[in-house]
Amino acid sequence: MFHLAKHARADGPTDPTGTSAPAGDLDEALWRGAAAVLDANWTGTHTVPSRTLYPHQWSWDAAFISVGLAHIAPDRAWRDLRSLFEAQWPDGRVPHIVFDPNVTERDYFPGPTFWGGGGTQPYPGAPPTGAQRGPVRLSSGIVQPPVHALGAWLTWLRRPGETAVAELRWLYPRLVAQQEYLATARDVDGAGLSAIVHPWESGLDNSPAWDQALAAVPADLAVLHRYARRDTQVVSSTHRPTDEDYARYLTIALSYRDRGYRDADLAGRHPFLVECPGFNALRGAAERALARIAEVVGADPAPHRARAATITRALVDRLFDPESGLFHVRDLRTGRRSPARCVNGLLPLVLPDLPQAQVSSLVAAVSSPRFGVSERMPVPSYDRLAADFDPYRYWRGPVWFNINWLLWRGLRTHGHDALADTLRTALLGLVRDAGYHEYFHPDSGAGIGSPAFSWTAALALDLLAKPDDLG
């Protein structure tokens, strides 16, 4: 297990018997277990994803965690979001990792030295250490899906009040800057969709969705001699990305880092540029959430609604494949869509203005043998019928709780309540039987990856509460 400084619970442990606690012994036990996971992963300033493999703060994890904390400890939900956005770069990007200075470099790779190129600046062009106001917040230089506006809105919605409004006022301009960065610097093709510059930015690290685009990146295993992996020292290598893929990940990250994380000329020189349907669907959902937040803080919601509509149209025009009935990633270096049927191709269900034809197609996919949800098992991360489906290896088959929570919201948004209830039953069954794991075997339901995983616990709380208003 990685060493961490003893975590101080500045606010004390949560009371899992609060107003949102469900009735019934089984659900109350789940509620208490989920709250205990979030207590154990609280550092005093933020929540780590897990104590074993992820000892820093991760971007989209913080957003999902806030959704659960909103039910039991809203002050900590706001603290998590503030902690993350205090490390926002001047160009608006929110880094995918904010590093905890109490965690040593040997306890996690790639750490701040890798992302900083050996320096100690939190971002290129930052004032020298000592000239900054407040502590230096070292971070990575890439992003993750922008789920944060949704997390902030749901935190306010579950526990509204003056404190929550003040937190929204602090967050709103920062959330707007995040969206503006993605809408401008990352719109490489000028078509209204953001490009990701690394598979890690999607959150679906080794998904088959990236295989074709990654094949053009040399897999120089020598890079693994310079930079030793840490993940396979904690989790079985058969569950993690292969060495070949990991070498490509480092090559792509180094290419971006060594050019100062510059976005101006990505099309001309960066080796990996992909439009991801999941990432962009969550961008659209963020604009919808920002429109709601704008109404609370006294800003204009219209620009957010307009941009959300633009994103939905671009997703349908560029990434939907009528033949497969799914959305697929587009490689901007070749202009081709990946043929892989992956779970990020279902995520546009979160968009309330998705046309009915696409909604029906995605709902059919969720019910199909390829992804088929049942009361026993949620949606896997990859097509069950694919020849290279792998029930153990990270995003190439296992079930992920956060993605299924998003699909649950999408199904309810479009009125498919019965299927949403089936999915909810399956998700709660997983944690009841296996605990709050990072991900799960898509056949047996066994827990895989890190145990006591924060977003699994947090989103289980939201499913247990089952709020009528999705926000």
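A: Buried means under 20% relative accessible area, and exposed means over 50%. Please note that the model is predicted.

Q: With that in mind, how many residues of α18 are buried?
A: Eleven of the twelve residues in α18 are buried, so the helix is mostly covered by the under 20% criterion. Among them are Trp455, Leu459 and Asp462.

Q: And how far does α18 reach from its first C-alpha to its last?
A: Helix α18, residues 454–465, reaches 17 Å, which is close to the 16 Å expected at 1.5 Å a residue.

Q: What phi does lysine 466 take, just after the helix?
A: Lysine 466 takes a positive phi of about 45°.

Q: Turning to tyrosine 261, where is it placed?
A: Tyrosine 261 lies in the loop between α11 (243–258) and α12 (266–269). Its phi is near 55°, a positive value in a residue other than glycine.

Q: Is tyrosine 261 buried or exposed?
A: Tyrosine 261 is buried, because its relative accessible area is 5%.

Q: What about tyrosine 394: buried or exposed?
A: Tyrosine 394 counts as buried, at 5% relative accessibility. This residue sits in the loop between α15 (356–366) and α16 (401–413), and has a positive phi of about 50° although it is not a glycine.

Q: On to the open sheet of three strands: what is the order?
A: The order is β3-β4-β7, with antiparallel pairing. The edge strands are β3 (195–196) and β7 (330–331), each pairing on one side only.

Q: How many bridges join β4 to β7?
A: Two bridges join β4, residues 274–275, to β7. Glutamate 275 stands opposite arginine 330 in β7.

Notes: Residues numbered from 1 in each chain as written. Predicted model: local features only at pLDDT ≥ 70, side-chain atom pairs only at ≥ 80, totals over all residues. Heavy atoms only, no water. Helix = DSSP H or I, 4+ residues; strand = E, 2+ residues; numbered from the N terminus. Expected span 1.5 Å × (residues − 1). Buried < 20%, exposed > 50% of the residue type's maximum accessible area, 1.4 Å probe, protein only. Pairing = 2+ DSSP bridges.
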